[in-house]
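Please look over the sequence and the structure shown here before reading on. The report that follows goes through sheets, a helix, cores and some backbone details in turn.

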Amino acid sequence: MRIVSVELYEVEIPPIPVIARVWPKIYDITLCRVLTDEGLEGIGECQGKAATLAQQVEALVGGDPLTLDPFAHGMPFECALLDIAGQAHGIPIHRFFGQQVRDRVPVSYWSCPLEPAETAAEAEIGASRGFTNHKIKARPWNVVETVRCVREAVGPDYSVGLDPNTQFEQPAVAARLAAELEPLGTVANLEDPVLKSNYDWYRLLREKTFIPIALHLGHPGDVLKALKAECIDCVNLGGAPLQLRRAAAVAAAADVPCWVQMGGLCTSVLAAYSVHAQATIPNATLPCDELPFTRVADPGVGLHIAEGHFTVPTAPGLGVTLDMDVVRKYRVG
C-alpha cells in the first residue's frame, strides 16, 4: 500500500451565535485526508494553518502507511495514519492504545464568559440535551451570581466546572469566592483559579475550600510536580494520546482523576480521536472538554453524543468521515 496524495483543508467554521458575540473567531482548524492506492483514506485534524504542514505532506507521499510510525509525524497525520491502519486491520483506533475500559465518554456542555442570565439560559439548553455538567469560563466579577443563576435555572444536580483562566489571580480572592460558591453545592471543580507561577498558592487554596482544585497540564513531569506539591485534587490533561496516557498514569498512581482536552473547540474529527484515547485511560472519569457542538457546522460525521456522553466508535479506524460539502463551504485555504 502506498500514499498517493495528502489533502489539506484549512476551514473557518464560526462559533454558534451566543459564543460568536464574545469570541467571533476561534482558532484556525486544518483537516487532512490521506489517500492510498488501495482505496483506504484516513483523516485527521489540528489547530493552525495548512501552510505550516507542507513539508510534512511531502514526507508522507509515496510511503507505506502501514510501516510509517504515526507518532513520528504529529497531528493531524498521526490520526490519519492510525485511521488507515485501523481500517486495514479491521479494528478501531483505541485498540492501538490499550485495553478499552469504557464504551461511553462523559463530556461537558460549555460557555464562554457571559452575563449570568445568559449562562443560565445556556445551561437550560445543555440540560435539555442531556448534559449534566457545564464548563464555564468563570470571571471573578460575576462567577457567584452566574452559578446561582444556573442552579436556579436547572437545579442542583446539574454541576458546573469553573475555569477562571487564572483570573482570580491571588489566593485571597479565590478563597473568598470559593467560600461564597460552596453553599450553592454545584461546583465540581476550580481549574486554574490563580496564577500558575506558584504551586504553593494552589496547596493553600486546597486547605481553604472543599471544592476540588485542578490544573490544566500536559507533560507527565508537570503532573508529577503538581502531585509532589500536593496542590491538585484532579487534573485537566492536554496533548496527543501517548502523552495523555503517560500523564494520566502519573496521576493514577496518586489516585487523582482527570479529564481530557485534546482539541477543545474542535470538530468531531479530533473529538473522535480524543474519545478513542479516553476509552483506554482508566482515571479519565471526569467530563472531557471536546466541544464540536460549539460551532455552527461540523465536517465530521459519525461521532454520536447523547445524555452528555460520546459513544466510543466501534467501526474500523477512526469511525468518522468527512462531510466534504461542509468542508468546501467553510474552506479558506
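## Terms and basis

A residue is called buried when its relative accessible area is under 20%, exposed when that area is over 50%, and partly exposed in between, with a 1.4 Å probe and protein chains only. Asp192, with a relative accessible area of 7%, is therefore buried.

This is a predicted model, in which local features need pLDDT of at least 70 and side-chain atom pairs count only at pLDDT 80 or more, while totals for chains, interfaces and linings use all residues. Residues are numbered from 1 along each chain as its sequence is written, and side-chain values use heavy atoms, with hydrogens and water left out. Helices (H or I, at least four residues) and strands (E, at least two) are DSSP runs, numbered from the N terminus.

## The sheet of β1, β2 and β3

Three strands form an open sheet in the order β1-β2-β3, with antiparallel pairing, where two strands are said to pair if DSSP finds at least two bridges between them. Because β1 (3-11) and β3 (41-47) stand at the edges, each with a single partner strand, one side of each is left without a neighbour in the sheet. From one strand to the next the twist averages 20 degrees, the angles being taken between N-to-C directions from 0 to 180 degrees, with axes fitted as lines to C-alpha atoms, for helices over the stretch in contact. Helix α3 (residues 77-89) packs on the sheet and touches β1, β2 and β3, its direction making about 155 degrees with that of β3; contact here means heavy atoms within 4.5 Å.

β1 and β2 run antiparallel and are joined by eight bridges, and Leu8 stands opposite Cys32 in β2. Strand β2 (residues 29-36) pairs with β3 in the antiparallel sense over seven bridges; Ile29 stands opposite Gln47 in β3, and Leu35 has Glu41 as its bridge partner there. In the hairpin of β2 and β3, four residues lie between the strands, and Gly39 takes a positive phi near 90 degrees. In a regular strand the side chains alternate between the two faces of the sheet.

## A second open sheet

Another open sheet of three strands has the order β4-β14-β13, again with antiparallel pairing. Its edge strands are β4 (104-106) and β13 (305-306), each of which pairs on one side only. Between β13 and strand β14 (residues 309-311), which run antiparallel, there are two bridges, and Ile305 has Phe310 as its bridge partner in β14.

In helix α7 (residues 199-208) the buried residues are Tyr199, Tyr202 and Leu205. They cover an arc of only 110 degrees around the axis, which puts them on the same side of α7; the arc is that of the directions from the helix axis to the C-beta atoms. Glu207 and Lys208 are exposed on the other side of α7. The buried residues of α7 pack against α6 (171-181), β9 (213-217) and α8 (220-228). At the start of α7, a side-chain oxygen of Asn198 reaches to within 2.9 Å of the backbone nitrogen of Asp200.

## Nonpolar cores

A nonpolar core is a set of buried Ala, Val, Leu, Ile, Met, Phe, Trp, Tyr and Cys residues joined through side-chain atoms within 4.5 Å. The largest has 87 residues, of which Val143, Leu162, Leu181, Tyr273 and Leu318 touch the most other members. Helix α10 (residues 268-278) gives the most to this core, with six residues. Apart from it lies another core, of 15 residues, among them Cys32, Leu53, Val57 and Ile84.

## Backbone details

Most residues other than glycine have a negative phi, and most peptide bonds are trans. The peptide bond from Met75 to Pro76 is cis, with omega near 5 degrees, and Pro76 is found in the loop between α2 (54-60) and α3.

Glu169, in the loop between β7 (159-162) and α6, has a positive phi near 65 degrees although it is a residue other than glycine; at 43% relative accessibility it counts as partly exposed. Asp192 lies in the loop between β8 and α7, and its phi is also positive, at about 50 degrees.

Definitions and conventions: Polar contact = N/O pair within 3.5 Å; in protein donor to acceptor, adjacent residues only side chain to side chain.
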